[in-house]
Amino acid sequence: MSLEQLYIRKFGMAPDGIVRLTPAGSNRQYFRLNGSKTVIGVIGTSVDENEAFIYLGSHFKKLGLPVPEILAVSSDRLSYLQEDLGDVSLFSVKENVGLLKSAMERLPDFQFAGSKDLDFSRCFPVADFDRQSVLWDLYYFKYCFLNPSHVSYREDLLEREFQLMAERLSRNPHGTFMYRDFQSRNVMIKDDKPFFIDFQGGRRGPFEYDVVSFLWQAKAAFPKVLKDELIDVYLKAVAKYVEVDTERFKSALKEFVLLRTLQVLGAYGFRGKFERKSHFLQSIPYALANLEDLLDTPCENYPYLNRILRELIAHEKEMSVSVKKVSDIVSSLTVTVTSFSYKKGIPEDTSGNGGGFVFDCRAMENPGRYAEYKTLTGLDKPVIDFLESRGEIQQFLEHCYALVDPSVQCYDSRGFTSLMVNFGCTGGQHRSVYSAQHLAEHIKKRFPNVTVHLIHREQNIDVIL
């Protein structure tokens, strides 16, 4: 069932419009459906993950906790509608200390009150943050960040300390709910109050983990004095549920900071270095800065890991400088590739140079004419399969490559700074998106030292490859 059909089933009429929202780190797709009632539509790839969010959201809502209301769920459980909390995340207003404190004050309500009568067997992907879960996080870091860096290490010594960390950090004597990805991007601000989203990865686990996830979020870059202030706010809020030894709590946080930072680097490595998502690549230096600060007073239980991490930081700094120098020397060219809707006009050349290419994709069959593709884009597999099964779009793009490649090579060799390539179709959603995405990836692969600026204008996607 499409989001449009789900909306009709819930509200008795079709939405006035459906706008795709900027994607985040997961494969879940988010849309805003406007009409008699404005809601957020979600399309997931995992029924189990969706079920976890729906169950946890309903559970928290019954307890009066500030989460979005689940409004409708499709019969196949792959899509659902939820309350629209707006566009303002706590991250975007993180200078507002009052809102940061409000979020920290509410966190224990999820962890302690939220765990009451909670069926943890319905959590995704596991019920508990146990030894194996800690090791998964550590291996994520090892395989997706440490190994690609080519910093050498002894497997046996590193594994010994990983096992020790897994033993120490999987203890949860209070049986609390662990939000897992508690960070300012997952807190929305509505009517000057925090509302909490993206808790589908939550499970039973130590409450210290969530404090670290929030305060040591890489790009938030909270200063130490603010972290200490927010920790005190949190501890006062926790006191209504359990007595906490303040000094012991603060001491234990350091090991959780280490674990969370390694897990985050693993995610940034996978999403950034493997999937080439620029947002995650840009976040790596912030996470490394957190790690470097932590190593000023390292966790004494992990001497070998501390040594390897120092070598890793030194290596990443060297590579960062090296890459910058090479890119400065080799190429100053940026190729801007844009998908657009002809109804809204051809994209403006902001460089002032003029020229470039505009390719019309409207001669190819339009997936938008079919109900099952209306809410999808040229980035989604069903649409990709639809276009590629006909064969015409591959032939179209081969002609585009033959025209664009010589210009990129010429512009680069002559020291030019900008080239535009635009793909238009009726709605700027299917054929043009597919074409722009493929040309951008083609250019980046063939001319790796050229900067590729990819814009899917009507989808509000703007990335550097």
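Colleague: Where is Pro125 placed?
Modeller: This is a predicted model: local features need pLDDT of at least 70, side-chain atom pairs count only at pLDDT 80 or more, and totals for chains, interfaces and linings use all residues. Residues are numbered from 1 along each chain as its sequence is written, and side-chain values use heavy atoms, with hydrogens and water left out. Helices (H or I, at least four residues) and strands (E, at least two) are DSSP runs, numbered from the N terminus. On that basis, Pro125 is in the loop between α3 (97-111) and α4 (131-149).

Colleague: Is the peptide bond from Phe124 to Pro125 cis or trans?
Modeller: Look at omega for the bond from Phe124 to Pro125.
Modeller: Gln200 is in the loop between β8 (193-196) and β9 (203-204). Phe124 is 76 residues away from Gln200 along the chain. Their C-alpha atoms are separated by 6.7 Å.

Colleague: Which residues does Gln200 contact, leaving aside its neighbours within four places in sequence?
Modeller: Contact means heavy atoms within 4.5 Å. Gln200 then meets Arg28, Glu49, Ala52, Phe53, Leu56 and Phe124.

Colleague: Is Gln200 buried or exposed?
Modeller: Buried means under 20% relative accessible area, exposed over 50%, and partly exposed in between (1.4 Å probe, protein chains only). Gln200 has a relative accessible area of 10%, so it is buried.

Colleague: What is the relative accessible area of Gln183?
Modeller: Gln183 is found in the loop between β6 (177-178) and β7 (187-190). Gln183 counts as buried, because its relative accessible area is 14%.

Colleague: Which side chain forms a polar contact with the side chain of Gln183?
Modeller: A polar contact is a pair of N or O atoms within 3.5 Å; within protein, one must be able to donate a hydrogen and the other to accept it, and residues adjacent in sequence count only if both atoms are side-chain atoms. Not counting residues up to four places away in sequence, Gln183 touches Ser213, Phe214 and Gln217. The polar contact, at 3.0 Å, is with Gln217.

Colleague: How far apart in space are Arg271 and Gln217?
Modeller: Arg271 is in helix α8 (residues 246-274). At a relative accessible area of 17%, Arg271 is buried. Arg271 and Gln217 are 54 residues apart in sequence, and their C-alpha to C-alpha separation is 16 Å.

Colleague: Which residues does Gln263 contact, leaving aside its neighbours within four places in sequence?
Modeller: Gln263 lies in helix α8. Gln263 is buried, because its relative accessibility is 11%. Its contacts are Asp137, Tyr140, Arg180 and Tyr209.

Colleague: What is the phi of Arg180?
Modeller: Arg180 lies in the loop between β6 and β7. Arg180 is buried, at 13% relative accessibility. Arg180 is not a glycine, yet its phi is positive, at about 85 degrees.

Colleague: Is His150 buried or exposed?
Modeller: His150 is in the loop between α4 and α5 (155-169). His150 has a positive phi of about 65 degrees, although it is not a glycine. Its relative accessibility is 71%, so His150 counts as exposed.

Colleague: Why is helix α6 largely enclosed by the rest of the structure?
Modeller: Helix α6 covers residues 208-215. Among its buried residues are Tyr209, Ser213 and Phe214.

Colleague: Which elements do the buried residues of α6 pack against?
Modeller: The buried set in α6 includes Glu208, Asp210, Val211, Val212 and Leu215. Their packing partners are α3, α4, β6, α7 (224-238) and α8.

Colleague: What radius of gyration does the protein have?
Modeller: The protein has 13 helices and 14 strands. The radius of gyration is taken over C-alpha atoms; the globule rule is 2.2 Å times the number of residues to the power 0.38. With 465 residues, a compact globule would have a value near 23 Å, which agrees with the protein's 24 Å.

Colleague: What share of the 465 residues is buried?
Modeller: The C-alpha atoms fill a box of roughly 70 × 60 × 40 Å along the principal axes. Among contacts with a separation of 6 or more, residues 24 or more positions apart account for 73%. The buried share of the residues is 51%.

Colleague: How far apart are the centres of the positive and negative side chains?
Modeller: Lys and Arg count as positive and Asp and Glu as negative, with His and the chain ends not counted. Each charge is placed at NZ of Lys, CZ of Arg, CG of Asp or CD of Glu. The protein has 57 positive and 60 negative side chains, and the centres of the two sets are separated by 1 Å.
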